[in-house]
Amino acid sequence: GINAEYGECIIVCPSLQDKNQWMETIRRQSSLNQKNRVYGLDIDHACTRPDSRNGIPQVVVILSNYIREKAYNVEGIFRVSGNQNKIMDIKSAFDKGEGSNLCLDDFGEHNVAGALKLYFKELPDPVISFESSESILSQLEESDDKLTLVKKLIENLPRHNMAVLSYIIQFLYHLSTFSDQNKMKISNLAICFGPSLIWPKEESISYALQISQINNVVSILIEMNSLIFH
């Protein structure tokens, strides 16, 4: 039986043997889903999967390339919310291994943008990792040399985090060069995308106070990307 209110499913098995077979099948399927999933997989595994593109997760490349080619001039890209159901459909397709065959035109630009932000937000550890960001964010507000602090933050990142961050920041910089059309200046992109790149281990009142520092870090990364990543 199914309890719709709580999302529970009750399986009645005729025997203990049948129950054990059912449970083993469920465990195998769950393990398979974990192995094949794209969203929620840590950066190291995502970057070393056979379907990664030059060390960048396939989902990041496909979704960002679509926006780069077909939605770079769409007003409010990353600011305008998409349709949650369509965003989840994109996520589901990638988790099933069908992402490379998706016709993203069928979903709409803001849903593709939403799916890209969701990918980063569902990482177990953000691209700008907990370990790297916590001490730097606390120093940023009072620092007179924010660029040096941000460089220090980036230098401490693991290799795959650095590669993915460089890729997405340069993509965001590319979008900012069309701000006269898409109305998304560097500051706007930092506000809309920053919380998907940095967040604390535990949300608290202090997180609300850190939002401005997070936006500041991402703004510096975008604006000064050629100095920071090259």
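Below are my entries, in the order I looked things up.

**Ground rules.** This is a predicted model, so I noted that local features need pLDDT of at least 70, that side-chain atom pairs count only at pLDDT 80 or more, and that totals for chains, interfaces and linings use all residues. Residues are numbered from 1 along each chain as its sequence is written, and side-chain values use heavy atoms, with hydrogens and water left out.

**Core.** I started with the largest nonpolar core and got 67 residues, with Phe 78, Phe 120 and Leu 165 having the most contacts inside it. Such a core is a set of buried Ala, Val, Leu, Ile, Met, Phe, Trp, Tyr and Cys residues joined through side-chain atoms within 4.5 Å. Buried means under 20% relative accessible area, exposed over 50%, and partly exposed in between (1.4 Å probe, protein chains only). In soluble globular proteins, nonpolar side chains tend to be buried together. I then listed what Phe 78 touches, not counting residues up to four places away in sequence: the list includes Ile 67, Phe 171, Leu 189 and Cys 192. Contact here means heavy atoms within 4.5 Å.

**Cysteines.** I found 0 disulfides, a disulfide being a pair of cysteine sulfur atoms within 2.5 Å. Cys 192 is buried at 17% relative accessible area, whereas Cys 103 is partly exposed at 37%.

**Asn 161.** Buried or exposed, I wondered? Asn 161 is buried, at 6%. I placed it in helix α8, residues 159–176; helices (H or I, at least four residues) are DSSP runs, numbered from the N terminus. Leaving out residues up to four places away in sequence, Asn 161 touches Ile 43, Pro 126, Val 127 and Ser 129.

**Positive phi.** Asn 54, a residue other than glycine, has a positive phi near 55°. I found Asn 54 in the loop between α2 and α3, and it is exposed at 83%. Lys 183 also turned up, with phi near 60°; it lies in the loop between α9 and α10 and is partly exposed at 42%.

**Salt bridges.** How many salt bridges are there in the whole structure? My search gave 3, taking a side-chain nitrogen of Lys or Arg within 4 Å of a carboxyl oxygen of Asp or Glu. Asp 51 pairs with Arg 49, closest N and O atoms 3.1 Å apart. Asp 105 pairs with Lys 70 at 3.0 Å. Asp 105 is in the loop between α4 and α5 and Lys 70 in helix α3, so this pair ties together parts 35 residues apart in sequence.

Definitions and conventions: Helices (H or I, at least four residues) and strands (E, at least two) are DSSP runs, numbered from the N terminus.
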